[in-house]
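Hi,

Here is the structure I promised to pass on. Please have a look at it first, then read my notes below.

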Amino acid sequence: VQSSIPEPQREAWTKFAPQRFAKAEDFQRDAVRHVETSLARSMYNCDEAAMYAGTALAFRDRLVMDWNKTQQAHTFADQKRIYYLSLEFLMGRALDNAMLNVQQKDVAAEGLSGLGFRMEDIIEQEHDAALGNGGLGRLAACFLDSLATLNYPAWGYGLRYRYGIFKQEIVDGYQVEVPDYWLDFNPWEFARHDVTVDIQFYGHVDKWQDENGKTKCSWEGGEIVKAVAFDVPVPGYGTSTTNNLRLWGSKAASGEFDFQKFNSGEYESSVADQQRAETISAVLYPNDNLERGKELRLKQQYFWCAASLSDIVRRFKKTGRAWKEFSSQTAIQLNDTHPTLAIPELQRILIDIEGLEWDEAWSIVHQTFAYTNHTVLPEALEKWSVGLMQHLLPRHLQIIYEINLQFLQYVERTFPKDRDLLGRVSIIEESNPKMVRMAFLAVIGSHKVNGVAELHSDLVKTTILKDFVKVYGPDKFTNVTNGITPRRWLHQANPRLSALIASKLGGYDFLKDLTLLNKIEAHVDDAEFRKEWQAIKLANKERLARHVHETTGITLNPKALFDIQVKRIHEYKRQQLNIFGCIHRYLAIKAMSAEEKKKVVPRVTIFGGKAAPGYWMAKTVIHLINKVGDVINNDPEVGDLLKVVFIEDYNVSKAEFLVPASDISEHISTAGTEASGTSNMKFVLNGGLIIGTCDGANIEITREIGENNIFLFGNLSEDVEELRHNHVFGTYQLNESLAKVFDQIQNGKFGDASQFSALVNAIVDHGDFYLVSDDFESYCQTQDLIDESYKNVDEWTTKSITSVARMGFFSSDRCIDEYAEVIWNIEPVAPTKTDFAVDLA
Ligand code: KOT
């Protein structure tokens, strides 16, 4: 049978393969053809949604050509690959990014205009791909962009949730969750119905002796669910490399439904089986920095790990290499502990199925995996009960016990005098019920463990993994400070700023080497440049003001200081500190004379973010923000001096217009709680300044941009423990201004006080775990400093330009190169020259 086009006929094929759009007309031809044929619509029936589809399909054709070539080139190169396993990929919209990465957005804009459409309207039609909660998922998306841009042979593996993170509506000031069904029309995925893996659950383990008397185990019985691959092309910027993100969807093993059951009259139960199987990939768990130990979550994790590993092992076996070469051909990065089951799964494949000895298998496993820790918050550290693990994955539990036994024997030999150490480092927590500690398993099964910012990596080594530093020595533990892709977070989100920078740097090379930004510092005194810099910020604020007006009816003064805090709502991120600060400011304005009011810097405080549906305190914070906004925004004595706005349904595409519109953004977590933060980097890269605590990447941002260009406040991480102690033992006084804020809340100024009592009590009566009271004064004073600084437009502009110039370090390209060198030991593959690879020279 023929499986490829014969040599003499390949010329004919090549002639008709899709080409780069040389002019607007080429784009129009393809877009119109897709609207007419792929959508079966005509020019009399072509709205913006249809034109979006035509545009997306026209660009998709181009991506797919590069994608096919990249996959061939990677197979041919036969180099080590990196597999990035993440339960979350917060990709956002794909069209704008695809147009920019293949550098054909201008051609498309001209083509669309010739057909009577505006580019902005077409882009707006796309539904965000929101398969993630927040920073962890967005980091994975930035990494995929960098991996492709830097030509690394890389795959992402994730789950194809039918429902991504819920849509947030605000009704009467309360968060209401609405399901996010995003797959109605998704031109960016390719269902690979031929790429499937059978995934087993439950059952039991059989043990027997083989012909050589060796004890063998096999996992038998239980039930099977099918994993089906859905592939998403990931284009690099200015390169033909287009990598693959493979998302697994779940399906009943018997196909549509079980015909035998159906024919024997059990129609209902045959459909129920099918639905149960499909439930596995139905919905993203909407918790950020929290693990709740639900069986379905564990099923998701195993389903995705087992499917991905089967795929990775299959690809390796096709090369015909010996097993001992596996880890020199394969690096697997675990994005947090969520994919930790991949460790015992690979060990199971190697010993039970491929017949390797335990030790040989374990050394392969250990050389293959590396683990990234993203949080030290205890409630986010994954633990699964031994009982559940035994029930769902009996063979894996055995393997985990064996891994633990061998590890503990080693610890005992090495530290014979430290009996307590064994209990502290055991994968099994001897609680009731007994629990499997996933972070410990991830550490033991990996050759490297990294944190995501310097402070965080130090905390990992001195707190949750302290004993493992003793066991393994410090070299196993490292830091890779997070980064962001400048393509989406500068070029796409803020094209005018990107163009201004390019005009001074003589081109867009900085998008591939962000350290080149430092060259704009030479222009900091250039009057024209500064004027355009300020005009861009104002235009971005006007665009945001229009959005707020259209969606809420609130009118904002674009000349006011725009203060933005957008991120998941969480007590440790302290949106409550910000809203208490707003109330404090409001009270101050109310107490002012007309003369005094004239000196006030008008401010707009903007919040956005989702609360986990079960997180009552976070929902209360959202409620309070909305109620405070209602009062302040309608108080005629305040007018333009203060507005408080909550942006509904914060997501990646909203971040793209919020981030460029900030003067100040807030990154105010209790010191030691925010592992890194990445939106801090996005805001500064767009010329906004920061108010922040000495936490996460704020510290390194300060190191890079200089402490004159950031507004730091609050207690330090090393003092947090002691301060908490003071609260518990009553040796502290509630901050006075904060007490006045609480009086207003409790007097019903913002509606029914009982609604907010939990929030106030957490601080007044329950130990103020997040130290809001301790940091309140320093926070308010720093906000006053910001007002003063903002009054001096020249000084502010200098800070803004200088900061952007010094942000080169925070590109996710730098980050990926560090992982590649220090952890993965992989090299890029030279991209094939195609029509779409544009030289950036
Ligand atoms: C933990 C459990 C479930 C879902 C999400 C998490 C999670 C998210 N843990 N850490 N993160 C964030 O990861 C970002 C990327 O590294 C960090 O910038 C941020 O500080 C973490 O909170």
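Is Lys682 buried or exposed? Keep in mind that this is a predicted model. Lys682 has 30 other C-beta atoms within 10 Å. The cut-off for a buried residue is 20 or more, so Lys682 is buried.

Lys682 sits in helix α27, which covers residues 679–685. Leaving aside residues up to four places away in sequence, Lys682 touches Ile484, Trp489 and Val659.

Now the whole chain. The protein chain has 34 helices and 24 strands. Its radius of gyration is 28 Å, close to the 28 Å that the globule rule gives for 841 residues, so the chain is as compact as a globular protein of that length. Along the principal axes, the C-alpha atoms fill a box of roughly 95 × 75 × 60 Å. Buried residues make up 47% of the 841 residues. Among contacts with a separation of 6 or more, 76% join residues 24 or more positions apart.

Over to you.

Best wishes

Technical notes: Residues numbered from 1 in each chain as written. Predicted model: local features only at pLDDT ≥ 70, side-chain atom pairs only at ≥ 80, totals over all residues. Helix = DSSP H or I, 4+ residues; strand = E, 2+ residues; numbered from the N terminus. Rg over C-alpha atoms; globule rule 2.2 N^0.38 Å. Buried ≥ 20, exposed ≤ 12 C-beta atoms within 10 Å, placed from the backbone. Contact = placed C-beta atoms within 7 Å.
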